[in-house]
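Biologist: I would like to learn how to read a ligand site. Where do we begin?

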Amino acid sequence: MDKRKITFIGGGNMGRALVSGLIGSGYPKDLITVADQDSDKLKRLEAELGVNVTTDNTSAASQASVLVLAVKPQVIADMLKTLTSGLGGIGDRLIISMAAGVTINRIKELTGGHDRIVRLMPNTPALIGKGVTGMFASSSVSADEKEFADSILKAVGQRVWVEKEEDMNTVTAASGSSPAYFFLFMQYMIEHSIELGLTPEQAYTLVTQSALGAAELAVRSPGVSLETLRAQVTSKGGTTHAAVTAFEEKNLKNAVDEAMDACIRRAKEMEKLF
Ligand SMILES: NC(=O)c1ccc[n+]([C@@H]2O[C@H](COP(=O)([O-])OP(=O)(O)OC[C@H]3O[C@@H](n4cnc5c(N)ncnc54)[C@H](OP(=O)(O)O)[C@@H]3O)[C@@H](O)[C@H]2O)c1
């Protein structure tokens, strides 16, 4: 990876995960600055990760060629307007934004027409380096810049680039929000296992390890469809068959489709809010 000065605006969950991943992958600490309004958070980041920290977004951004926006979508408009006027324009910096629901056009509007923008949709497993990030670049972003943005996100997991910005809403439904679906599914399984007599520890281990193992088996079986993997544990008339049939009778597919569609509808509404 080539090395550029990066300023993170926002050192919360996601900003911290990225910074920590980058340092873990050998990125020089002195090239990373985190700007945040919370000075206690900054002190912890400085002590634990050894990066430069400041409460002054503009001075941090002025020294960097890459700006990673890791603040909540609700604050992005005010933050970007202030930053753009403080800097006298974004100049030739690359903006990488992870703000959910904030479009490239909106960022362009808030930065006086700046158009070198990469939009991200990470997910929380990034906190342990196991994330997956959907990525989209505006047409003015060079191949080098895309590669650089990709290398930053590589520090916290896999990347999937999409060609159309509207696909970022589907990415939100498929990966940004989806850890919560799996948590919910595991929670229900654990709760019912306990109702049926297992201890919480037994239930937690059995369910979470099954989820982990199933995901890993799928990932490590390229070319083998999920249907085939399922068929391998589903003999006709057996126990798994009984469970899968019960899911199908309750129209699980419909529930999943509706949940993802609701996620996308909300993502589209959020695009109008921020
Ligand atoms: N978490 C996820 O699963 C997920 C997934 C995909 C995308 N994202 C996106 O990632 C972004 C960051 O999310 P997060 O969970 O990391 O949020 P977070 O933990 O709240 O971190 C944001 C940080 O930015 C600080 N901040 C707020 N306004 C600021 C300003 N004007 N200048 C500098 N710092 C400011 C906040 O301080 P205060 O705490 O004092 O407000 C906080 O420390 C969001 O845009 C979100 O949409 C998150």
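Modeller: With helices. Helices are DSSP runs of H or I with at least four residues, numbered from the N terminus. Here, α4 gives the most to the shell around the ligand, with 3 residues. Both α1 (13-24) and α4 (73-87) supply at least two shell residues each. A word on sources: this is a predicted model, where local features need pLDDT of at least 70, side-chain atom pairs count only at pLDDT 80 or more, and totals for chains, interfaces and linings use all residues. Residues are numbered from 1 along each chain as its sequence is written, and side-chain values use heavy atoms, without hydrogens and water.

Biologist: Which residues come nearest to the ligand?

Modeller: A residue is near a molecule if one of its heavy atoms lies within 4 Å of it. There are 21 residues around the ligand, and Met14, Asp36, Lys41, Asn57 and Val71 come nearest.

Biologist: How far is the ligand's oxygen atom from the side chain of Lys41?

Modeller: Look for pairs of N or O atoms within 3.5 Å, called polar contacts. An N or O atom in the Lys41 side chain is 2.6 Å from a ligand oxygen. For Asp36, a polar side-chain atom lies 2.7 Å from an oxygen atom of the ligand. Met14 uses a polar backbone atom, 2.7 Å from a ligand oxygen.

Biologist: How many aromatic pairs does a search of the whole structure find?

Modeller: Rings of Phe, Tyr and Trp (its six-membered ring) pair if their centres lie within 6.5 Å; planes under 30 degrees apart are stacked, over 60 edge-to-face, the rest tilted. The search finds 1 pair. The ring centres of Phe185 and Phe247 are 5.8 Å apart with planes at 40 degrees, so this pair is tilted.

Methods
Polar contact = N/O pair within 3.5 Å; in protein donor to acceptor, adjacent residues only side chain to side chain.
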